[in-house]
Amino acid sequence: MPVPRVRRWQPLALTAAAVLVGITVPATATATTSPTQAPATTAAVGAYDDTYYKDALGKTGPELKSALHTIISEQTKLSYDQVWDALKSTDEDPANSSNVILLYSGTSRSKDSSGGDQGDWNREHVWAKSHGDFGTSTGPGTDIHHLRPEDVTVNSVRGNKDFDNGGSAVEGAPGNLTDGDSFEPRDAVKGDVARMILYMAVRYDGESGFPDLEPNDQVDNGSAPAIGRLSVLKKWSDEDPPDAFEKNRNQVIFDKFQHNRNPFIDHPEWVEEVY
């Protein structure tokens with residue numbers, strides 16, 4: 001019998017520190033405590049409106065999407081091997097510089113524990129690489145705006161499922177739910193996931209031999225260059241606005257690696273304007 005899609009937002013018993021960065025560390029994890037403040041590199045969004053985003057301001061709908069595509073397509077591309085070291089910087093635990101924060105499970109794990117074995121963390125493609133069949137090729141397959149550290153086993157549970165509400169609890173990742181065709185991340189990163197998906201759709205539109213990625217309002221998209229559900233992703237973005245960790249990550253990518261930004265982190269209101 002199919003599992004009903006029931007909205008399961010759980011009350012969050014978070015400390016003030018965890019609210020700030022949007023992570024949850026289970027009591028059983030061998031992890032550091034949640035950071036209490038964002039690194040000093042976090043920049044004010046307004047600083048980029050007169051420069052980086054100047055050609056997008058005042059636009060709406062398709063014109064805004066087109067302008068943002070042009071802006072964020074100017075980037076330095078990484079190899080898949082380079083992604084390992086990049087994630088150790090972009091997702092560094094502010095409370096322990098030797099660790100990274102895992103996206104879905106929210107735990108803090110040693111940077112040295114990267115790999116493919118049980119207990120390791122690996123490179124999670126939030127826009128599943130089979131959705132458009134771009135694999136790990138330089139471009140969408142290596143774009144660290146949607147690549148995040150995650151526990152090998154939890155990453156496997158997510159697989160290439162679309163995003164939606166409902167399902168059964170994911171072992172080792174409290175607050176996450178999954179069923180046969182969808183995955184629901186924990187509350188603290190629902191908006192992060194939505195904004196990564198929408199970034200990918202604006203950035204990769206069929207040019208340079210890459211697939212034309214677009215969100216839709218369905219699940220079980222398979223190998224089509226689509227991922228859903230758009231209506232749910234929009235709601236997640238609205239209910240979980242960018243926090244200090246997500247903003248700092250955007251800044252590190254811009255300053256040190258790809259030199260482009262996720263506009264939906266800087267301007268969350270553009271989600272509604274574009275979609």
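What covers the buried residues of H6?

Reply: The cover of the buried residues of H6 includes E6, E9, helix H5 (190-203), strand E10 (214-215) and helix H9 (270-274). Cover here rests on contact, meaning heavy atoms within 4.5 Å. Helices (H or I, at least four residues) and strands (E, at least two) are DSSP runs, numbered from the N terminus.

This is a predicted model, in which local features need pLDDT of at least 70 and side-chain atom pairs count only at pLDDT 80 or more, while totals for chains, interfaces and linings use all residues. Residues are numbered from 1 along each chain as its sequence is written, and side-chain values use heavy atoms, with hydrogens and water left out.

H6 itself spans residues 230-239. Its buried residues are Leu230, Val232, Leu233, Lys234, Trp236 and Ser237. Buried means under 20% relative accessible area, exposed over 50%, and partly exposed in between (1.4 Å probe, protein chains only). An α-helix has 3.6 residues a turn, so residues three or four places apart point the same way.

The peptide bond from Gly228 to Arg229 is cis, with omega near -5 degrees. Most peptide bonds are trans. Asp220 is not a glycine, yet its phi is positive, about 60 degrees. Asp220 is exposed, at 59% relative accessible area.

Now the strands in the cover. E6 and E9 belong to an open sheet of four strands, in the order E6-E9-E8-E7, with mixed pairing. Strand E6 (162-163) and strand E7 (168-169) are the edges: each has a single partner strand, so one side of each lacks a neighbour in the sheet. Two strands pair if DSSP finds at least two bridges between them. E6 and strand E9 (residues 182-184) run parallel and are joined by two bridges. Asp162 has Ser182 of E9 as its bridge partner.

Elsewhere, a second pairing deserves a look. Strand E4 (residues 121-125) and strand E5 (residues 147-151) run antiparallel, joined by five bridges. Glu124 stands opposite Arg148 of E5. Five of the five residues of E4 are buried, so the rest of the structure largely encloses this strand. His125 lies in E4 and is buried, with a relative accessible area of 3%. A polar atom of the His125 side chain lies 2.9 Å from the backbone oxygen of Gly141. Leaving aside neighbours within four places in sequence, the contacts of His125 include Tyr80, Phe134, His146 and Arg158. The loop between E4 and E5 holds Asp133. Asp133 counts as exposed, at 67% relative accessibility, and its phi is positive, near 55 degrees.

Finally, the whole chain. It has nine helices and 11 strands. Of its 275 residues, 55% count as buried. Among contacts between residues at least 6 apart in sequence, 66% join residues at least 24 apart.

Definitions and conventions. A polar contact is a pair of N or O atoms within 3.5 Å; within protein, one must be able to donate a hydrogen and the other to accept it, and residues adjacent in sequence count only if both atoms are side-chain atoms.
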